[in-house]
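Subject: Handover of the two-chain model

Hello,

My notes on what was found in it follow below.

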Amino acid sequence: MSELDPRIHQVLDGELPLERLPPELQATVLRLERAAGLLRAAPAPGSVTGPVLAALRRPRGSRGRRLFRWLTGRHAVTIAMRPVWSLAVAAVLAAVVLVPTHGAGPLLGAQEGIAQFVGHFPGARSVDVVGPFTDWRSGVIPLRDDNDDGVWSAVVVLPAGAHEYMFVVDGERWIADPLAGRYVSDGFGRQNALLIVRPAGR
Amino acid sequence: MSGFADVRPPDAEVIARILAGDSDAFGILVRRHEAGLLRFATRMLGSADAAADAVAEGLIRAYRHLATLDDPARFRTWVYRIVANRCKSHLGRRSAQGVSLEEAGPVPDPHDGEAELERAEQLALVERALTTLSAEKREAFLLKHVEGLSYEEMAAITGERIPTLKMRVHRAREALLEALKEHR
């Protein structure tokens, strides 16, 4: 890709008048402005006013009812803590689950297990794990790097089974966990990492 | 339109009405901003349907969190940020940085005039070139040159620093020109 004369950028950024450029550079500026103008002038497709207002008018139910729905629905539950503590907690939970008990039930549901996500992303400002369990939205399960060593981690409780996931670094770079070991095609030519969560009750 | 003063109430005034209980006033904000948001989301996602979903979700989210908006005068940049994030999630779900041209632009009607047809062809060319840019560059170019936002506003939307955005816009211009040459 060839770099443009910096004066072209200055004109487009409003830092230099167009007339100060030689004609051949002016032509490049006008070409870019015309391209943007075409995109600007194209009519926006459709309208969302109706569906948005209809959705907002639909009763959402009382706060208590929404809380009940949230509590009874399936969600990933985030436990954010220092990696060393997360390992300790995982060990304790594993001990509780693995050591036979007499009558006492496990801490987790029979169909839930503990998943630890760890990734090395030096210099990252934020790292999230996303998957079907977050509806592929970032911001639901943030990883933490409390000692700024570039190692980001989170421990979460997930339903037992196979979970596809990706890391989202700085809110925009989607990365399949290089340490996952298992991957599945996402159907678009790339791969998602795959995690198998075993039921804690077994 | 020229010659008439803009008598539309500013966003902050509309938001004050909504927060005071006049929820229907949100329709004013939706109608005011949806064209730009849909234009932006359609170019980002390459699909009018996906764009409509992203914008509708973004606007509903904005309504539900309106009380948390620190500066109501900045509603426009705030709602762009929400919709831009919805677009990123959507692109991530598809795990494809590129967008298809499937629904990116209207097909010219042969009954249109010659000038209109030529314009439609040029638009299709620019749209095709735009799809070759990475999502980051596409976003930067669209916000700067199509939505006409300042670098400060872009920083508020994307969470990036201004020098980073400037560099991204520069690279986007170069990539777009290159792609336009190839698609000519």
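Asp148(A) sits in the loop that runs between strand 3 (127-130) and strand 4 (151-159) of chain A. The phi angle of Asp148(A) is near 55°, a positive value in a residue other than glycine. Most residues other than glycine have a negative phi.

With 11 other C-beta atoms within 10 Å, Arg20(A) is exposed. Arg7(A) is 13 residues from Arg20(A) in sequence, and the two C-alpha atoms are 9.0 Å apart in space.

Chain A as a whole

Chain A holds five helices and eight strands. Read from the N terminus, the order of these elements is α-α-α-α-β-α-β-β-β-β-β-β-β. Chain A has 202 residues, of which 25% count as buried. Among the contacts in chain A with a separation of 6 or more, 60% come from residues 24 or more positions apart.

How confident is the prediction for chain A? The mean pLDDT of chain A is 79, and 78% of the residues of chain A reach 70 or more. Helix 1 (residues 6-12) of chain A has the highest confidence, at 94, while strand 1 (residues 77-79) of chain A has the lowest, at a mean of 58. Over residues 101-106 of chain A, pLDDT stays under 50, and the model has four contacts beyond four places in sequence for this stretch.

Where the chains meet

On the side of chain B, 41 residues are in contact with 37 residues of chain A. The elements of chain B that give two or more residues to this side are helix 2, helix 3 (48-64), helix 4 (75-94), helix 5 (114-131), helix 6 and helix 8 (162-183). Which of them gives the largest share of the side of chain B that touches chain A? That is helix 2 of chain B, with ten residues. Sorted by class, the side of chain B that touches chain A consists of 19 nonpolar, eleven polar and eleven charged residues.

One helix pair across the two chains is helix 3 (residues 49-57) of chain A with helix 2 of chain B, whose axes come within 10 Å and cross at roughly 150°. Angles over 145 degrees count as roughly antiparallel, and helix 3 of chain A and helix 2 of chain B are therefore roughly antiparallel to each other. Their crossing is right-handed. From helix 3 of chain A, Thr49(A), Val52(A), Leu53(A) and Leu56(A) meet Phe26(B), Gly27(B), Val30(B), Arg31(B) and Glu34(B) of helix 2 of chain B. The residues of this contact are five nonpolar, two polar and two charged.

Helix 2 of chain B within its own chain

Helix 2 of chain B also packs against helix 3 of chain B, at an angle of about 140° and with the axes 8 Å apart. These two helices of chain B, helix 2 and helix 3, are therefore oblique to each other. The crossing of this pair is right-handed. Helix 2 of chain B contributes Phe26(B), Val30(B), Glu34(B), Leu37(B), Leu38(B), Ala41(B), Thr42(B) and Leu45(B) to the contact, and among the residues from helix 3 of chain B are Ala48(B), Val55(B), Leu59(B) and Tyr63(B). By class, the contact of helix 2 with helix 3 of chain B has 14 nonpolar residues, one polar and one charged.

The other partner is helix 6 (residues 135-146) of chain B, whose axis comes within 10 Å of that of helix 2 (residues 26-45) of chain B, with a crossing at roughly 150°. That angle makes helix 2 of chain B roughly antiparallel to helix 6 of chain B. Here too the crossing is right-handed. Arg39(B), Phe40(B), Arg43(B) and Met44(B) of helix 2 of chain B make the contact with Arg138(B), Glu139(B), Leu142(B) and Val146(B) of helix 6 of chain B. This contact of helix 2 with helix 6 of chain B has four nonpolar residues, no polar ones and four charged.

Regards

Methods: Residues are numbered from 1 along each chain as its sequence is written. Chains are lettered from A and ligands numbered from 1 in the order in which they are written. This is a predicted model: local features need pLDDT of at least 70, side-chain atom pairs count only at pLDDT 80 or more; totals for chains, interfaces and linings use all residues. Axes are lines fitted to C-alpha atoms, for helices over the stretch in contact, and angles run from 0 to 180 degrees between N-to-C directions. Helices (H or I, at least four residues) and strands (E, at least two) are DSSP runs, numbered from the N terminus. Angles under 35 degrees count as roughly parallel, over 145 as roughly antiparallel, 65 to 115 as roughly perpendicular and the rest as oblique. A crossing is left-handed if the near helix is turned anticlockwise from the far one by less than a right angle, and right-handed if clockwise. Two residues are in contact if their C-beta atoms, placed from the backbone, lie within 7 Å. Ala, Val, Leu, Ile, Met, Phe, Trp, Tyr, Cys and Pro count as nonpolar, Asp, Glu, Lys and Arg as charged, and the others, Gly among them, as polar. A residue is buried if 20 or more other C-beta atoms lie within 10 Å of its own, exposed if 12 or fewer, and partly exposed in between; C-beta atoms are placed from the backbone. pLDDT is the predictor's confidence in each residue, from 0 to 100.
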